[in-house]
Amino acid sequence: MAMKIVAECISCGACEPECPNQAITAGDSIYVIDPEKCTECVGAYDNPRCTEVCPVDGCIVVDPDRPESQDEPQAKDA
Ligand code: SF4
Ligand code: SF4
């Protein structure tokens, strides 16, 4: 799966430089995660790095629309 930033985002920008896959960018109103790049930090960190640095609880969640049962998350690095 990929992670997703929800409306609670205050656009502080803390998460953007922490993502090992450059999956996070500033969107029109909130920051956004590119689900094609997000690996949930598997292989890089024990927990999703963005959720660890985000100051807003519940701001970054697992995207329920992006099930990833078929592919290994690491494969996206290719
Ligand atoms: Fe980037 Fe990891 Fe957050 Fe995905 S979970 S957006 S790879 S920091
Ligand atoms: Fe938004 Fe959290 Fe990223 Fe700040 S760290 S830009 S509040 S998702």
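The side chains of Thr39 and Asn21 are joined by a polar contact of 2.9 Å, and that pair is a handy way into this structure. Keep in mind that you're looking at a predicted model. The protein chain has 78 residues, and 32% of them are buried. Two ligands sit in the model, with 13 residues around ligand 1 and 14 around ligand 2.

**Overall layout**
- The protein chain has one helix and four strands.
- Read from the N terminus, those elements go β-β-β-α-β.
- Take the contacts in the protein chain with a separation of 6 or more: 64% of them link residues 24 or more positions apart.

- Thr39 sits in the loop between S3 and helix H1, the helix covering residues 49-53.
- Buried or exposed, what is Thr39? Thr39 is buried, because its relative accessible area is 3% and the cut-off for buried is under 20%.
- Asn21, the partner of Thr39 in the polar contact, also turns up among the residues that come nearest to ligand 1.

**Around ligand 1**
- Besides Asn21, the residues that come nearest to ligand 1 are Cys19, Cys38, Cys41 and Cys50.
- By class, this shell contains nine nonpolar, two polar and two charged residues.
- Cys19 has 12% relative accessibility, so Cys19 counts as buried.

**Around ligand 2**
- The closest residues here are Cys9, Cys12, Gly13, Cys15 and Cys54.
- The shell of ligand 2 splits into twelve nonpolar and two polar residues, with no charged ones.
- Cys9 counts as buried too, because its relative accessibility is 14%.

- How many disulfides does the structure hold? The count is zero, even though cysteines show up among the nearest residues of ligand 1 and among the closest of ligand 2.

- In soluble globular proteins, nonpolar side chains tend to be buried together.
- The largest nonpolar core in this model has 17 residues, and Ile5, Ile24, Ile33, Cys59 and Ile60 make the most contacts inside it.
- Strands S1 (3-5) and S3 (31-33) each put at least two residues into this core.
- Which residues does Ile33 touch, leaving out those up to four places away in sequence? Ile33 touches Met3, Lys4, Ile5, Ala23, Ile24, Cys38, Cys50 and Ile60.
- Two residues on that list, Cys38 and Cys50, are also among those nearest to ligand 1.

How values were computed
Residues numbered from 1 in each chain as written. Chains lettered and ligands numbered in written order. Predicted model: local features only at pLDDT ≥ 70, side-chain atom pairs only at ≥ 80, totals over all residues. Heavy atoms only, no water. Near = heavy atom within 4 Å. Nonpolar A, V, L, I, M, F, W, Y, C, P; charged D, E, K, R; others polar. Core = buried A, V, L, I, M, F, W, Y, C linked by side-chain atoms within 4.5 Å. Buried < 20%, exposed > 50% of the residue type's maximum accessible area, 1.4 Å probe, protein only. Contact = heavy atoms within 4.5 Å. Disulfide = S-S within 2.5 Å. Polar contact = N/O pair within 3.5 Å; in protein donor to acceptor, adjacent residues only side chain to side chain.
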